[in-house]
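Subject: Structure for you to look at

Hello,

Here is the structure I said I would pass on. Please open it and keep it beside this email while you read.

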Amino acid sequence: MARDEGAGAGSVLVAFLVGAVTGAALALLYAPATGRETREFLGEKAREGRERATDAAETGRQVIEDSKETLAQAIERGREAYQQARETS
């Protein structure tokens with residue numbers, strides 16, 4: 001049976017982004033700070049989010065690359081099986 005590792009990659013990324021935005025909003029509401037502190041906090045969280053998004057994109061690219069390799073192998077095996085079936089007929 002084939003493994004389906006990349007099926008939920010988009011859902012995971014969306015869930016992460018929603019969680020990050022919700023967490024930042026709650027932090028702003030419940031942790032009063034000066035404007036400068038708030039800007040620094042938001043800048044830090046934006047950098048962290050950018051790093052996580054970059055990591056998620058790289059993981060997604062790797063999953064796609066692995067899927068391409070698996071598909072290419074399956075096609076090649078199918079061709080070989082077809083050739084063997086033709087030769088034995």
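Below are some notes on the chain as a whole, its salt bridges and one surface patch.

The model is predicted, so local features need pLDDT of at least 70 and side-chain atom pairs count only at pLDDT 80 or more, while totals for chains, interfaces and linings use all residues. Residues are numbered from 1 along each chain as its sequence is written, and side-chain values use heavy atoms, with hydrogens and water left out.

The whole chain

The protein chain has two helices and zero strands. Of the 89 residues in the protein chain, 1% are buried. Buried means under 20% relative accessible area, exposed means over 50%, and partly exposed is in between (1.4 Å probe, protein chains only). The chain has an accessible surface of about 7700 Å², and carbon and sulfur atoms account for 58% of that. Such areas come from the Shrake-Rupley method with a 1.4 Å probe; for residues, only the protein chains shown count as cover.

Salt bridges

There are three salt bridges in the structure. The term means a side-chain nitrogen of Lys or Arg within 4 Å of a carboxyl oxygen of Asp or Glu.

- R36 and E40 are joined by a salt bridge with an N to O distance of 3.3 Å. Both belong to helix α2 (residues 35-88) and sit four residues apart, about one turn of the helix. R36 is exposed at 60% relative accessible area, whereas E40 is partly exposed at 44%.
- K45 and E48 form another, with their closest N and O atoms 3.4 Å apart. About one helical turn separates the two, because they are three residues apart in helix α2. K45 is partly exposed at 35%, and E48 is partly exposed at 27%.
- E58 and R61 also pair up, their closest N and O atoms being 3.6 Å apart. These two lie in helix α2 as well, three residues apart, about one turn of the helix. E58 is partly exposed at 43%.

The surface patch

Which residues make the nonpolar surface patch? L26, L29 and Y30 do, over about 400 Å². Patches consist of residues with over 30% relative accessible area and no salt bridge; nonpolar side chains (Val, Leu, Ile, Met, Phe, Trp, Tyr) are joined within 5 Å, and like charges within 9 Å. L29 lies in helix α1 (residues 9-30). L29 counts as exposed because its relative accessibility is 66%.

Regards
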